[in-house]
Amino acid sequence: MNQAVSGFSKLSKEEKIAWIAQTYFSTPKDAIQLLKNYWNSDEKIQKLHDEFIENTISNFYIPLGVAPNFLINGKYKTIPMAIEESSVVAAASKAAKFWSTRGGFTTRVIDTEKIGQVHFLFKGETEKLHTFFAEIKSDLFTETASITKNMQARGGGILDIVLKDKTDLIPNYFQLHVSFETKDSMGANFINSCLEQFAKTLKEKANQYELFSETEKDIQIVMSILSNYVPNCLVRAEVSCPIADLEEKHIPNPQEFAEKFVQAVRIAEVEPFRAVTHNKGIMNGIDAVVLATGNDFRAIEAGVHAYASRNGQYSSLSHAKIENGVFSFWMEIPLALGTVGGLTSLHPLVKLALEMLEKPSAQELMQIVAVAGLAQNFAALRSLTTTGIQDGHMKMHLNNILNQFDATEDERIAVRKHFKHQTVSHSAVVEFMNQLRN
């Protein structure tokens, strides 16, 4: 196709699918059938999914797994994880079991502050703007009272509003920098509604302010939007035990393991090329739980990686130390999550996941998600510093390779037997499969 399509959004779902099949596929009937194979047989559930986004044509499946045996602050949890990558759930489960016999994970929420900003341009005397802001600050609270009423009843609301001078970065650029508490909701809609009212009030009050010149009265609102960078919405997760207690099958020398582990973390703290992959492993665990519980993993990713760069260089999110014969591994991470609103009350599997977690508050979910990330990171570093990452990962990936070959059950048995004590690689499996079939 080499031209735009007109009126696509107005077509019915069936018409959209028919157009796509005819335009892009050599066998349109097969394409249509494939899309329909992934529809839910329950029409009500399918309609619900259709209305989550625009131009829906089918459902895109991601496996939902569980990682049991997470001992968090003395209580066991089974954590739901939605992810397509092999070995992630297995690694998290293995780390959970490992630490369940060594005291488990300890967590605490450090703060839950969220941020929104009104970005605007002001041409005039800065001191006058500061005086004006001080005079209208109470009005900003008053004129959002109808928006904040319900949130305040739950213990949340607007915490503070600060005028920030950013003219050293962009001429005439200022902000209303606003902090919020949104309790069990992630709060995006609430925050954005407040910010848009702030912008309206700011402009109206400026236009009436007698001390402003005509130029100064003409405040230009650029945009009003929440920030996904939430460095003061922090949770800490930690594991620790005497070094001797680290001993297990793959850790015959716990002192050597602990020292090597700490060194591996230190490398991720100072080397950005390593830190990115190190933190990606953490996010394998975090994103999987965030997605399973109906939260916005893109927002979490953006905020987390910004936090990893907060000191001017991208660095490890996790840290480790040996002190007085005790090994400690911990992480402090920003997580703006919600357990009410959005998909949490709509998506059937999200509701199931939250019930599996015993209907956590937003703060409890922050702690569970952080633990999943720390467990994933521990599992990866344990493999890297002992057997190597590919040994376990490729054995878990073996099923994917066999599925590419549409292997029979007899072939699967033969392949697994052959690679029980052999290194698994894609090329080695391909070669063995060809030998089997020839």
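1. A salt bridge here is a side-chain nitrogen of Lys or Arg within 4 Å of a carboxyl oxygen of Asp or Glu. By this rule the count comes to 18 salt bridges.

2. A word on the basis: this is a predicted model, where local features need pLDDT of at least 70, side-chain atom pairs count only at pLDDT 80 or more, and totals for chains, interfaces and linings use all residues. Residues are numbered from 1 along each chain as its sequence is written, and side-chain values use heavy atoms, with hydrogens and water left out.

3. Have a look at Lys36 and Glu14, whose closest N and O atoms are 3.2 Å apart in a salt bridge. This pair links distant parts of the chain, 22 residues apart: Lys36 sits in helix α2 (residues 28-37) and Glu14 in helix α1 (residues 13-24). Helices (H or I, at least four residues) and strands (E, at least two) are DSSP runs, numbered from the N terminus.

4. Lys77 and Glu358 also form a salt bridge, with 3.1 Å between the closest N and O atoms. Lys77 belongs to strand β2 (residues 75-82) and Glu358 to the loop between α12 (348-356) and α13 (362-384), so the bridge ties together parts 281 residues apart in sequence. Lys77 is buried at 15% relative accessibility, while Glu358 is partly exposed at 44%. For these terms, buried means under 20% relative accessible area, exposed over 50%, and partly exposed in between (1.4 Å probe, protein chains only).

5. Glu323 and Lys321 meet through their side chains in a salt bridge (3.7 Å, N to O). Both are partly exposed, Glu323 at 47% relative accessibility and Lys321 at 33%.
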